Amino acid sequence: MPLLADRSCATRFAQRLRGEDLGGVVSEEQQLGDLFRRYAPYVATIGIRLLGRDDELDDLVQEVFIEAYRGFHQLRSPDSVKAWLARITVRRATRRLRRRRLRSFFSLEELPSDAKLVDDGATPEEKAEIASTYRMVERIPIRQRVVWVLKHVEGETLDSIAAICHISKATVQRRLRAADRSLRMQKERQGDPDGRLRT
Amino acid sequence: MDDFEPDTHIVRLMARIRPGWDAARTESNLAAILERLKGPKRRQRAWQAMLAATRLRFHRAAR
């Protein structure tokens with residue numbers, strides 16, 4: 001999914017935050033509402049694929065837009081609002097994943113529930129298989145997982161991943177290789193010849 | 001990257017993970033964001049909590 005620009009919405013929002021006169025037609029709340037309605041599904045999709053659970057998603061999306069609202073003046077170009085939101089989402093989700101990993105290390109947190117990962121259209125077998133896949137992805141280190149999800153599931157380019165994660169392109173490639181190797185090893189360990197996962 | 005192509009089966013399954021995000025959820029989250037933005041900031045909330053705790057301690061000590 002390429003990072004599309006939405007200049008009109010972001011530009012108006014930036015103008016409003018800079019105190020420029022917009023003729024009193026739209027309020028700041030309306031501007032935030034416009035931005036939120038347009039980009040919340042995108043942020044939520046990245047969020048759930050990184051977090052792998054629905055119960056933390058509302059908090060994550062709210063945190064992302066609050067940070068975006070407070071830091072909008074740092075945005076150099078309104079064209080890059082989508083990439084900028086993705087960057088905040090990745091940073092916030094990574095923080096949550098680290099916290100979760102720490103809590104699970106001390107057995108303070110249960111394993112994520114997989115009931116709400118997919119829509120209701122999926123069969124119970126599909127749901128179980130998707131949950132099993134996510135558990136496999138969850139075993140790879142957080143940094144590698146973030147890069148892997150952005151590249152292969154979200155379809156981002158290497159350049160945009162490098163920009164989103166604040167790392168070099170070479171690091172992106174290295175993490176991708178490591179993640180793929182790790183997933184392949186896990187699959188081999190499961191010993192499934194036709195590539196299907198055991199649930 | 002060409003030497004490490006991803007497992008398409010895993011990618012396909014991961015792509016099916018989607019949030020149950022509808023208009024109602026958008027509006028409720030937007031309302032929550034506006035409330036959080038209008039409400040006191042974290043530092044102010046912490047300061048108010050500390051004042052309340054100090055008052056409580058003072059009243060208990062006075063009794």
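Student: What percentage of the 199 residues in chain A is buried?
Tutor: This is a predicted model. A residue is buried if 20 or more other C-beta atoms lie within 10 Å of its own. Among the 199 residues of chain A, the buried share is 36%.

Student: How many helices and how many strands does chain A have?
Tutor: Read the elements from the N terminus on: α-α-α-α-α-α-α-α. The count for chain A is eight helices and zero strands.

Student: Among contacts in chain A between residues at least 6 apart in sequence, what percentage joins residues at least 24 apart?
Tutor: Two residues are in contact if their C-beta atoms lie within 7 Å. Take the contacts in chain A between residues at least 6 apart in sequence; the part that joins residues at least 24 apart is 64%.

Student: Which element gives the most to the largest nonpolar core?
Tutor: This core has 50 residues. Phe36(A), Val43(A), Val61(A), Leu85(A) and Val147(A) touch the most other members. Domain 1 (1–110) and domain 2 (114–199) of chain A each supply at least three residues to the core. The top contributor, with eleven residues, is helix 2 of chain A.

Student: Which residues does Leu85(A) contact, leaving aside neighbours within four places in sequence?
Tutor: Leu85(A) is one of the core residues that touch the most other members. Set aside its neighbours within four places in sequence, and its contacts are Tyr39(A), Val43(A), Val64(A) and Ala68(A).

Student: Which helix supplies the largest share of the side of domain 1 of chain A that touches domain 2 of chain A?
Tutor: Chain A is divided into domain 1 (1–110) and domain 2 (114–199). Their contact takes 15 residues from domain 1 and 14 residues from domain 2. On the domain 1 side, helix 2 (28–51) and helix 4 (81–105) of chain A each supply at least two residues. The largest share, eight residues, belongs to helix 4 of chain A.

Student: By class, what is on the side of domain 1 of chain A that touches domain 2 of chain A?
Tutor: Domain 1 of chain A puts 15 residues into this contact. By class, they are eight nonpolar, two polar and five charged.

Student: Are helix 6 and helix 8 of chain A roughly parallel or roughly perpendicular?
Tutor: The axes of helix 6 (residues 142–153) and helix 8 of chain A come within 8 Å. They cross at roughly 95°. Angles of 65 to 115 degrees count as roughly perpendicular. Helix 6 and helix 8 of chain A are therefore roughly perpendicular.

Student: Which residues of helix 8 of chain A meet helix 6 of chain A?
Tutor: By class, this contact has six nonpolar, two polar and four charged residues. Helix 6 of chain A brings Arg143(A), Gln144(A), Arg145(A), Val147(A), Trp148(A) and Lys151(A). From helix 8 of chain A come Val172(A), Arg175(A), Leu176(A), Ala178(A), Ala179(A) and Ser182(A).

Student: Which residues of helix 8 of chain A make the contact with helix 7 of chain A?
Tutor: The axes of helix 7 (residues 158–165) and helix 8 (residues 169–190) of chain A come within 9 Å and cross at roughly 100°. That makes helix 7 of chain A roughly perpendicular to helix 8 of chain A. Helix 7 of chain A contributes Leu158(A), Asp159(A), Ile161(A) and Ala162(A). Helix 8 of chain A contributes Lys169(A), Val172(A) and Gln173(A).

Student: Is His166(A) buried or exposed?
Tutor: His166(A) sits in the loop between helix 7 and helix 8 of chain A. His166(A) has 10 C-beta neighbours inside 10 Å, so His166(A) counts as exposed.

Student: What is phi of His166(A) near?
Tutor: Most residues other than glycine have a negative phi. His166(A) is a residue other than glycine with a positive value, near 60°.

Student: Which residues does Gln186(A) touch, not counting residues up to four places away in sequence?
Tutor: Gln186(A) is in helix 8 of chain A. With 16 other C-beta atoms within 10 Å, Gln186(A) is partly exposed. Not counting residues up to four places away in sequence, Gln186(A) touches Met136(A) and Arg139(A).

Student: Which helix of chain B gives the most to the side that touches chain A?
Tutor: The contact takes 24 residues from chain B and 39 residues from chain A. Helix 1 (8–15) and helix 2 (23–38) of chain B each give two or more residues to the chain B side. The most, eight residues, comes from helix 2 of chain B.

Conventions:
Residues are numbered from 1 along each chain as its sequence is written. Chains are lettered from A and ligands numbered from 1 in the order in which they are written. This is a predicted model: local features need pLDDT of at least 70, side-chain atom pairs count only at pLDDT 80 or more; totals for chains, interfaces and linings use all residues. Helices (H or I, at least four residues) and strands (E, at least two) are DSSP runs, numbered from the N terminus. Axes are lines fitted to C-alpha atoms, for helices over the stretch in contact, and angles run from 0 to 180 degrees between N-to-C directions. Angles under 35 degrees count as roughly parallel, over 145 as roughly antiparallel, 65 to 115 as roughly perpendicular and the rest as oblique. Domain bounds come from an automatic or database domain assignment. Ala, Val, Leu, Ile, Met, Phe, Trp, Tyr, Cys and Pro count as nonpolar, Asp, Glu, Lys and Arg as charged, and the others, Gly among them, as polar. A nonpolar core is a set of buried Ala, Val, Leu, Ile, Met, Phe, Trp, Tyr and Cys residues joined through C-beta atoms within 7 Å. A residue is buried if 20 or more other C-beta atoms lie within 10 Å of its own, exposed if 12 or fewer, and partly exposed in between; C-beta atoms are placed from the backbone.
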